[in-house]
Amino acid sequence: MMKNILWLACCSIILFSACDKRMATADNPPDPAGPVKPGTPPIPDKQVTAGVQGLVTDENNDPVTGAQVICAGTTAVTDKYGVFQLTEINMKEAAAVVTVKKNGYFNGVRTFKVTGAGKLQFIQVQLLPKSVAGQFDAATGGNITAPNGQFSFMPKQVLDADNKPYTGKVSLLYAAINPESADFADKMPGDLRAVNDRNELVGLQSFGMMALELQGANGEKLHLDGVNAVNFRMMIPASLKSAA
């Protein structure tokens, strides 16, 4: 399976099976949006004032202290228990977004539907540590094998912050997200809602996700040139292969 590499590589399909009931799936479908005019997104832009509180944990389910939590431009910091709270935030009712940042971890992103004005929402986010899957020379490109995937980079396709070709060793930071894990809903970014070719809200089933980031020799963030593709292969859990 060959795809362009993105920060997040997600293998999903609009064929469904049971999944976490906090997420939209075929067994737990999104609320119908009703008739939608052609070209109009089925997710309304209506804003609502409400609060959000939650818990941020690490890969061992231990609380993460000092993580930055952002929602609609308002910021909070997790306490020693990994807990945060934001009150009276003006957010998108149908798809509010919370982003969690902590050094050494990929950003945690959670999308959720607000249950009503003035109500306090609860979310839980498990952050994924940035591990080095491998390195390659930016000038020549190279291949990297991760625990559940392989990547092939082309020569001179990695750029620095000034959009200039990077020279030197590039590290691929990596974290796998297993859709079979019990805490999959806490790890995955966003939610499993999508818009189909009929402009309708549907739910997805995930066959696996990967968080990816390119880093230079001095820790600087790098990115692809947006022209040349990176080929990758991702392994699907054995129990899901028959449905993929």
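**Getting to know this fold**

Me: Leaving aside neighbours within four places in sequence, which residues is Thr 78 in contact with?
Reply: Happy to start there, with the reminder that this is a predicted model. Once its neighbours within four places in sequence are set aside, Thr 78 is in contact with Val 56, Val 64, Thr 65, Gly 66, Ala 67, Val 69, Val 83 and Phe 84.

Me: Is Thr 78 buried or exposed?
Reply: Thr 78 sits in the loop between strand S4 (74-77) and S5. A residue is called buried when its relative accessible area is under 20%. The relative accessible area of Thr 78 is 4%, so Thr 78 is buried.

Me: Which residue has its backbone nitrogen reached by the side chain of Thr 78?
Reply: Two backbone atoms come into view around this side chain. A polar atom of the Thr 78 side chain is 2.7 Å from the backbone oxygen of Val 64. The backbone nitrogen in question is reached at 3.0 Å, and it belongs to Gly 66.

Me: What share of the accessible surface of the protein chain belongs to carbon and sulfur atoms?
Reply: The accessible surface of the chain comes to about 12700 Å². The share that belongs to carbon and sulfur atoms is 52%.

Me: Which residues have the most contacts inside the largest nonpolar core?
Reply: That core has 22 residues, and the ones with the most contacts inside it are Val 52, Met 91, Val 98, Val 100 and Phe 112.  At least two residues of this core come from each of S2 (47-57), S3 (68-71), S5 (83-92), S6 (96-101) and S8 (120-126). A second, separate core has 18 residues, including Ile 144, Val 170, Tyr 174 and Met 210. For the largest core, then, the names to remember are Val 52, Met 91, Val 98, Val 100 and Phe 112.

Me: Is Phe 112 buried or exposed?
Reply: Phe 112 lies in strand S7. Beyond its neighbours within four places in sequence, its contacts include Val 52, Met 91, Val 98 and Ile 123. Its relative accessibility is 9%, so Phe 112 counts as buried.

Me: How far apart are the C-alpha atoms of Phe 112 and Gly 190?
Reply: Along the chain, these two residues are 78 residues apart.

Me: Which residue in S8 stands opposite Val 56?
Reply: Start with the pairing of the strands: S2 and S8 run parallel and are joined by seven bridges. The S8 residue that stands opposite Val 56 is Val 125.

Me: How far apart in space are Leu 120 and Val 52, C-alpha to C-alpha?
Reply: Leu 120 is in strand S8, and with 41% relative accessibility it counts as partly exposed. Its contacts beyond four places in sequence include Val 52 and Leu 86. Although Leu 120 and Val 52 are 68 residues apart in sequence, their C-alpha distance is 5.2 Å.

Me: Which strands stand at the edges of the open sheet, each with a single partner strand?
Reply: The sheet meant here has four strands in the order S4-S3-S6-S7, with antiparallel pairing. The ends of that order are the edges, so the strands with a single partner are S4 and S7 (108-112).

Me: Which residue in S4 stands opposite Val 69?
Reply: S3 and S4 run antiparallel, with four bridges between them. Opposite Val 69, the S4 residue is Ala 76.

Me: Which residues form the covered face of strand S18?
Reply: Strand S18 (residues 231-234) has an uncovered face made of Asn 231 and Arg 233. Four bridges join it, antiparallel, to S11 (residues 149-153), where Gln 150 stands opposite Arg 233. The covered face is formed by Phe 232 and Met 234.

Technical notes:
Residues are numbered from 1 along each chain as its sequence is written. This is a predicted model: local features need pLDDT of at least 70, side-chain atom pairs count only at pLDDT 80 or more; totals for chains, interfaces and linings use all residues. Side-chain values use heavy atoms; hydrogens and water are left out. A nonpolar core is a set of buried Ala, Val, Leu, Ile, Met, Phe, Trp, Tyr and Cys residues joined through side-chain atoms within 4.5 Å. Buried means under 20% relative accessible area, exposed over 50%, partly exposed in between (1.4 Å probe, protein chains only). Two strands pair if DSSP finds at least two bridges between them. Accessible areas come from the Shrake-Rupley method with a 1.4 Å probe; for residues, only the protein chains shown count as cover. A polar contact is a pair of N or O atoms within 3.5 Å; within protein, one must be able to donate a hydrogen and the other to accept it, and residues adjacent in sequence count only if both atoms are side-chain atoms. Contact means heavy atoms within 4.5 Å.
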